[in-house]
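Reader: I am new to this structure. Please take me through one part of it closely.

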Amino acid sequence: MSLDHFGTADFQRDGYVLLENVFSSEEVDTMLGAVKGGSRVAETTRATTDASGKLAKLAIWHELGDDIWTAVSTCPRIVNNVRILLGEEAAFFHGKVILKEAQEGGAWEWHQDYGYWYNAGFMFPHLISAFIALDDCNQENGCLQVLRGSHKLGRLDHIKIGTQTCTDPPRIAQVADKLERVHCVMSPGSVLFFHCNLLHTSATNTSSEHRRSFIICYNALNNPQLNDNKTEDLVPCPVSSDDAILAYRQ
Ligand SMILES: O=C(O)CCC(=O)C(=O)O
């Protein structure tokens, strides 16, 4: 389940690459069980407000622990591919479950993750996210949309809209006209790896199906976080055994 030369070249050209069937349906069901019944998600869920005032809910944490989310974040099928794409050792940054619920899940405005993470002090735009689909993701339930190749723009200015940090709207209107917009249609268990300067958004969920996902963000081990002077704290992300997730089957 490793990215080959072509997958890596796609990532470098487009700013993202999709790998299908990374996790089995049993592993995805186990993750969904932990979304519904697990303490980590229940204790860390909060909401942001999109431009229309709708709530986009997420549960976010910055520590590994001893639970299913740690087994997924340290799964070799993810970590080894992140290492390949970064071209160096990876450090865990954070994990988040995105809860885009049927009929009410709010939108995520256009942004680059490095739009936020620059302000968190990361010196280089050398971070990657792995978006794991837990449900079918399609246009009806607000799948991720990306502008192909936009990671090559460098970091754009961001402003606050609602409680979200979003790319400067006039600028996004101009670049969106010139780049291809891709709706990332995904099946449960597939993973989209994307660059921290890739412009992305997602619409509200107007369908009767939930659109939940687990996104894990990794930093390159040699990318200091300046504001908090956290350089010494960066450690290589541990790698667990390939069957660790199923140990959490309910
Ligand atoms: O899951 C989504 O629809 C978007 C989430 C997102 O953009 C983010 O967490 O940065």
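Which residue in β3 is the bridge partner of A47? Please start there and go on to whatever joins up with that spot.

Author: The partner is K57. Bear in mind that this model is predicted.

Now move on from β3. This strand also pairs with β4, residues 90–100. Again the sense is antiparallel, with five bridges. Here L58 stands opposite I98 in β4.

The residues around the ligand are I98, W108, D113, L144, H200, S202, S213 and I215. Two elements give two or more residues to this shell: β12 (200–202) and β13 (211–220). By kind, the shell has four nonpolar residues, three polar and one charged.

Follow β12 next. This strand belongs to an open sheet of four strands. The order is β5-β12-β7-β10, and the pairing is antiparallel. The edge strands are β5 (108–111) and β10 (181–183), each of which pairs on one side only. From one strand to the next, the twist averages 20°. Inside that order, β12 pairs with β7, residues 144–147, over three bridges. Q145 has T201 in β12 as its bridge partner.

Technical notes
Residues are numbered from 1 along each chain as its sequence is written. This is a predicted model: local features need pLDDT of at least 70, side-chain atom pairs count only at pLDDT 80 or more; totals for chains, interfaces and linings use all residues. A residue is near a molecule or strand if its C-beta atom, placed from the backbone, lies within 6 Å of it. Ala, Val, Leu, Ile, Met, Phe, Trp, Tyr, Cys and Pro count as nonpolar, Asp, Glu, Lys and Arg as charged, and the others, Gly among them, as polar. Two strands pair if DSSP finds at least two bridges between them. Axes are lines fitted to C-alpha atoms, for helices over the stretch in contact, and angles run from 0 to 180 degrees between N-to-C directions.
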